[in-house]
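Visitor: I would like to learn how to read helix packing and pockets in a model. Could we start with the packing?

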Amino acid sequence: MAYLLAALGGALGALARWGVAEALPRPGGGWPWATLLVNLSGCLLMGVLLGVLAARDPEPAWARPFLAVGVLGGYTTYSAFAVEVVDLTGAGAVAGALGYVLVSVAGGVLAVAAGIRAVRR
């Protein structure tokens with residue numbers, strides 16, 4: 001049953017990511033705002049979710065497979081991030097690619113921490 005919840009959640013998350021990408025298109029070689037937004041907001045939401053689930057005993061059995069693995073796993077995208085870093089580097093924007101890596105990785109870690117902290121207050 002958990003795999004069905006993850007699959008359903010993943011479809012919903014991927015559709016949400018698609019909507020963000022449509023709203024923030026990346027003109028040839030431009031800054032990948034949509035991927036950065038979904039990855040950082042997904043990390044923030046993951047932190048909020050984990051903070052909420054940590055406070056519940058027991059947590060609902062459906063929550064992690066559906067919301068964490070499914071919805072947020074489908075919403076965020078490491079593969080698009082990696083392709084965009086390669087694209088930026090190939091276009092000669094090495095400093096931009098390094099900045100994108102730094103903002104995405106460090107920003108993601110900080111966003112998870114902020115989400116957990118926000119619900120623990």
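Guide: The crossing of H4 (78-90) and H5 (94-120) is left-handed, meaning that the near helix is turned anticlockwise from the far one by less than a right angle. Helices here are DSSP runs (H or I, at least four residues), numbered from the N terminus. This is a predicted model, in which local features need pLDDT of at least 70, side-chain atom pairs count only at pLDDT 80 or more, and totals for chains, interfaces and linings use all residues. Residues are numbered from 1 along each chain as its sequence is written, and side-chain values use heavy atoms, without hydrogens and water.

Visitor: What angle do H4 and H5 make, and how far apart are their axes?

Guide: Two packed helices are described by the angle between their axes and the distance between the axes. For H4 and H5 the angle is about 160 degrees and the axes are 7 Å apart; axes are lines fitted to C-alpha atoms over the stretch in contact, with angles from 0 to 180 degrees between N-to-C directions. The pair is therefore roughly antiparallel (over 145 degrees).

Visitor: Which residues of H4 make the contact?

Guide: Contact means heavy atoms within 4.5 Å. H4 contributes Phe 81, Glu 84, Val 85, Leu 88 and Thr 89, and the H5 side includes Tyr 100 and Ser 104.

Visitor: Which helix gives the most to the lining of the second largest pocket?

Guide: A pocket is an open set of points on a 1 Å grid, where a 1.4 Å probe fits, with protein on both sides within 12 Å along at least five of seven lines; lining residues have an atom within 4 Å of a point. H5 gives the most, with four residues. Phe 81 and Ser 104 are among the lining residues.

Conventions: Helices (H or I, at least four residues) and strands (E, at least two) are DSSP runs, numbered from the N terminus. Angles under 35 degrees count as roughly parallel, over 145 as roughly antiparallel, 65 to 115 as roughly perpendicular and the rest as oblique.
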